[in-house]
Amino acid sequence: MNDRIAEEKITVSLMIHMYCRHKEGNRELCPDCTGLLAYALDRLDRCKYSDNKPTCRNCTVHCYNSMMRARIRKVMRWAGPRIILHHPARAIKHLIREIRNHRL
Ligand SMILES: [Zn+2]
């Protein structure tokens, strides 16, 4: 497993955990979020971009099915701004990657 995918896995896991605990008020990851996380990690394992992977928002291959995509979007929308407060270094890395992917 390469670093790029490993890092994305940590970020997505962190976001889903934050969402479930703080938005949904669960002490432990609920079955829905556990399923979503397993799905997200599985997608990353299969991601054909590996080291050159753009962040999923910029990805040209929409590998999520529509139901899972709607759910992960909800999580990202909620957790995205908050991860900047709690894990600035990680969030900044993620942002830099997004900007680079847009070739600004
Ligand atoms: Zn949950």
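The legends below describe close-up views of a predicted model.

View 1. The zinc ion is coordinated by the SG atoms of C20, C30 and C33 together with an OE atom of E24, at 1.8 to 2.3 Å. The angles among these four donor atoms run from 104 to 117 degrees, and the site is tetrahedral. For four tetrahedral donors the ideal angle is 109.5 degrees. Along the sequence the donor residues follow the spacing C-x3-E-x5-C-x2-C. Because C20 lies in helix α1 whereas C30 belongs to the loop between α1 and α2, this pair ties together parts that are ten residues apart in sequence. Both C20 and C30 are buried.

**View 2. Helix α2 and its two faces.** Helix α2, formed by residues 31–46, reaches 23 Å from its first C-alpha to its last, close to the 22 Å expected for its 16 residues. Its buried residues are C33, L36, L37, Y39, A40, R43 and L44; seen down the helix axis, they fall within an arc of 165 degrees and so line one face of α2. What covers these buried residues includes α1 (3–23) and α3 (66–86), while the face turned away from the buried side carries the exposed residues P31, D45 and R46.

**View 3. The largest nonpolar core.** Of the 23 residues in this core, those touching the most other members are V12, I16, C33, L36, Y64, I72 and V75. Helices α1, α2 and α3 are the elements that each give two or more residues to the core, and the largest share, seven residues, comes from α1. Leaving aside residues up to four places away in sequence, V75 touches M15, I16, Y19, L36 and G80.

Terms used:
Residues are numbered from 1 along each chain as its sequence is written. This is a predicted model: local features need pLDDT of at least 70, side-chain atom pairs count only at pLDDT 80 or more; totals for chains, interfaces and linings use all residues. Side-chain values use heavy atoms; hydrogens and water are left out. Helices (H or I, at least four residues) and strands (E, at least two) are DSSP runs, numbered from the N terminus. The expected span of a helix is 1.5 Å times one less than its number of residues. Buried means under 20% relative accessible area, exposed over 50%, partly exposed in between (1.4 Å probe, protein chains only). The arc is that of the directions from the helix axis to the C-beta atoms. Contact means heavy atoms within 4.5 Å. A nonpolar core is a set of buried Ala, Val, Leu, Ile, Met, Phe, Trp, Tyr and Cys residues joined through side-chain atoms within 4.5 Å. Donors are N, O and S atoms within 2.8 Å of the metal (3.2 Å for Na, K and Ca); water is not among the atoms, so sites may look incomplete. Four donors count as tetrahedral if all angles lie between 85 and 135 degrees; four count as square planar and six as octahedral if opposite donors are over 155 degrees apart and all others between 65 and 115; anything else is irregular.
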